[in-house]
Structure formats: structure tokens, C-alpha cells
Amino acid sequence: MSDSLQAMKSTPLKSTQGWITFRTDAWWVEPLLTLIILGSFGMYATWAALQGVNYQWGPYLSPFYSPNLVEWFPQWFGSWPFSPAVLILPFPLVFRATCYYYRKAYYRSFFTSPPACAVDITGQAPKSPLALLLGQGKGYTGETAFPLILQNAHRYAFYFAALFIFILGYDAIKAYVWTDGFHVGVGSLVLTINVALLGLYTFSCHSWRHLLGGCIDCFSCDKMTQVRHKAWERQSLLNEKHMQFAWASLLWVAFSDIYVRLVSSGVWTDYRLF
Ligand code: FES
């Protein structure tokens, strides 16, 4: 028997809020932080998307309102009575909500069944209302039954997310083009970092990794499979950091919206660096 198993055997069972575990570390910190940060982001993004104002200033455009539907398609959206963000945000929302990393994170923090590895080892802890709503209280069906089987939409959501990176890249370039020429403002850098982080998050995705190197029996068989193997290897380096990119891009995209919103409403001043 390994030392760790021996240690577990000799560790008394602990119960925290009905979750029985051998773990003695602060296992609840990670799901709690996820709950707070993801919950706060969800509330802020919903509020910001419903505003429909202060999302543009000079050449800056909030990423929540990109592409600028009113400017790009005035004939369709010129008299659109609602905030254009309600048409845009469902795409990145579905991509994030079905992300393999986020699933692990929010299943633990919002569903709490179980909230961490090796916690609730008896399976008797009360399920969260959200888990019950999704049918997880009736027996574990994983993602093989409705509604969680819809998580498989992730591979399709990836195509839209990739398209958004190009649109946000265009916005970031535009953020340097002012009516009086090329300038660098703090906002230009904020929007550039935003698309860089979102690009790292999107292209470190497991679905992209599968597209690059999946469904191949032999990597060395011909030129094409060798190229795909190289691409897959490189992407795997990014993929290892997917969780970090997920959090950094989430926080920065919210900050980008806040920045444009506060500059646009006159609360913050955008400093011109160049
Ligand atoms: S797995 Fe996270 S974005 Fe695809």
C-alpha cells in the first residue's frame, strides 16, 4: 500500500457541510473562488449587455459590443430597439459555458456534486438546487443525456469563437486609428491585450487541438500528417495553460468593457501615450 493510501486510511473522515472526505486541505477554496468570480462576471456581463450605451468612445469599442452591428449593418440594426450586445454575447457565452475547463470548474462550484476531488465520497451530500434542476439528483448520467449532452456543442461554438478573434483583432487595430492620425492611447493597449488573451484562450482550446491532430492513426505516415503532428505538438503547449488563459481572458474582457464604459461616460480619462 502506498504511503498516501496508508495516510488516508489513518486520517479521520471529516464532514464539511455534509460533504464527507478524508481531505484535510482547504479543498473548498477553489470552488468558492470560482463561484464568486464566475458569478460576478455573469452578473456584470448581463448588466453591461443590457445597457446599450457607453460602449464606444473615439476608436474604442467594448468587446461586449463587437462587431459593431449598428455601424456594419445600419439597414438592419439602425433602428434595433434593444442593446446590440444581446445578439452578440450568446456566441462567446456558449463557447465559455461549454468549455471543457469551465465545465469542471462550474460543475464543482455551482452544482457541488461533488465540489472537489475525493469529497462527498459517500455520495450522500445534498445536491445544489442547480444540480437538481439539471436532473443530476436522479442518478449520474454525466453528459450522455439531456440537458448536459448539449455541452457537445462546444466543437461548433469554437468556429464562431475563432471568427470573433479576427473581429476583435480588427477592433484592436482600429483602436490606434484616430481622426487625426495614428496614436496610442491606454485604451488601444487595453483592447490589444484583450484580443491577445482571448486569442490564447480560444486557440488553446481542446477542440482546436483535436482539429489539428485528432482522428489520425499514424502521425509519421505522410507529409500532411507530419505537419499536423507538429501543429498538434505546438498547440499542446498552449493547451497545457488553457485554465490560466481562461481566467486571464475572462477578467480582462470584463476590464476592457469597464474601461471603455468609464472613459465613454467621462469618469476615466484616456491618456494618450503617443
Ligand atoms: S476547451 Fe476551453 S475553450 Fe475549448
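This is a predicted model: local features need pLDDT of at least 70, side-chain atom pairs count only at pLDDT 80 or more; totals for chains, interfaces and linings use all residues.
**Stop 1: the whole protein**

Start with everything shown as a cartoon. You're looking at 274 residues, and 28% of them count as buried. The secondary structure comes to 13 helices and 6 strands. Now think about which residues meet which. Of the contacts with a separation of 6 or more, 67% are between residues 24 or more positions apart.

**Stop 2: helix 6 and helix 9**

Select residues 90-97, which are helix 6, and residues 154-174, which are helix 9. Their axes come within 9 Å and cross at roughly 125°. Helix 6 and helix 9 are therefore oblique to each other. If you like handedness, helix 6 makes a left-handed crossing as it passes helix 9.

On helix 6, pick Phe91, Pro92, Val94 and Phe95; on helix 9, pick Ala157, Phe158, Phe160, Ala161 and Phe164. How many nonpolar, polar and charged residues does this contact of helix 6 with helix 9 have? By class, the contact has 9 nonpolar residues, no polar ones and no charged ones.

**Stop 3: one side of helix 6**

Stay on helix 6 and colour Pro92, Phe95 and Arg96, which are buried. They cover an arc of only 95° around the axis, so they sit on the same side of helix 6. What do the buried residues of helix 6 pack against? Their partners are helix 7 and helix 9.

**Stop 4: helix 2 and helix 7**

Helix 7 is our next stop. Select helix 2, residues 29-51, together with helix 7; helix 7 covers residues 100-111. The axes of helix 2 and helix 7 come within 8 Å and cross at roughly 95°. That makes helix 2 roughly perpendicular to helix 7.

Show the side chains here as well. From helix 2 you want Pro31, Thr34, Leu35 and Leu38, and they meet Ala105, Tyr106, Arg108, Ser109 and Phe110 of helix 7. By class, this contact of helix 2 with helix 7 has 6 nonpolar, 2 polar and 1 charged residues.

While helix 7 is still selected, click on Arg103, which lies in this helix. Arg103 is partly exposed, with 16 other C-beta atoms within 10 Å. Now use the distance tool from Arg103 to Ser265, C-alpha to C-alpha. The two are 162 residues apart in sequence and 36 Å apart in space.

**Stop 5: two positive phi angles**

Time for some loops. Select Asn54, in the loop between helix 2 and strand 3 (56-57). Its phi is near 55°, a positive value in a residue other than glycine. Is Asn54 partly exposed or buried? Asn54 is partly exposed, because 18 other C-beta atoms lie within 10 Å, and a residue needs 20 or more to count as buried.

Then jump to Ala118, in the loop between helix 7 and helix 8. Ala118 has a positive phi too, about 60°, although it is not a glycine. Ala118 is exposed, with 11 other C-beta atoms within 10 Å.

**Stop 6: two cis peptide bonds**

Select Ser66 and Pro67 and zoom in on the backbone. A cis peptide bond joins them, with omega at about 5°. You'll find Pro67 in the loop between strand 4 (60-61) and helix 3 (69-72).

Now go to Phe146 and Pro147, which are also joined by a cis peptide bond, again with omega about 5°. Pro147 lies in the loop between helix 8 and helix 9.

**Stop 7: back to Ile149**

Last stop! Select Ile149, in the loop between helix 8 (129-133) and helix 9. Ile149 is exposed, with 12 other C-beta atoms within 10 Å.

Methods
Residues are numbered from 1 along each chain as its sequence is written. Axes are lines fitted to C-alpha atoms, for helices over the stretch in contact, and angles run from 0 to 180 degrees between N-to-C directions. Helices (H or I, at least four residues) and strands (E, at least two) are DSSP runs, numbered from the N terminus. Angles under 35 degrees count as roughly parallel, over 145 as roughly antiparallel, 65 to 115 as roughly perpendicular and the rest as oblique. A crossing is left-handed if the near helix is turned anticlockwise from the far one by less than a right angle, and right-handed if clockwise. Two residues are in contact if their C-beta atoms, placed from the backbone, lie within 7 Å. Ala, Val, Leu, Ile, Met, Phe, Trp, Tyr, Cys and Pro count as nonpolar, Asp, Glu, Lys and Arg as charged, and the others, Gly among them, as polar. The arc is that of the directions from the helix axis to the C-beta atoms.
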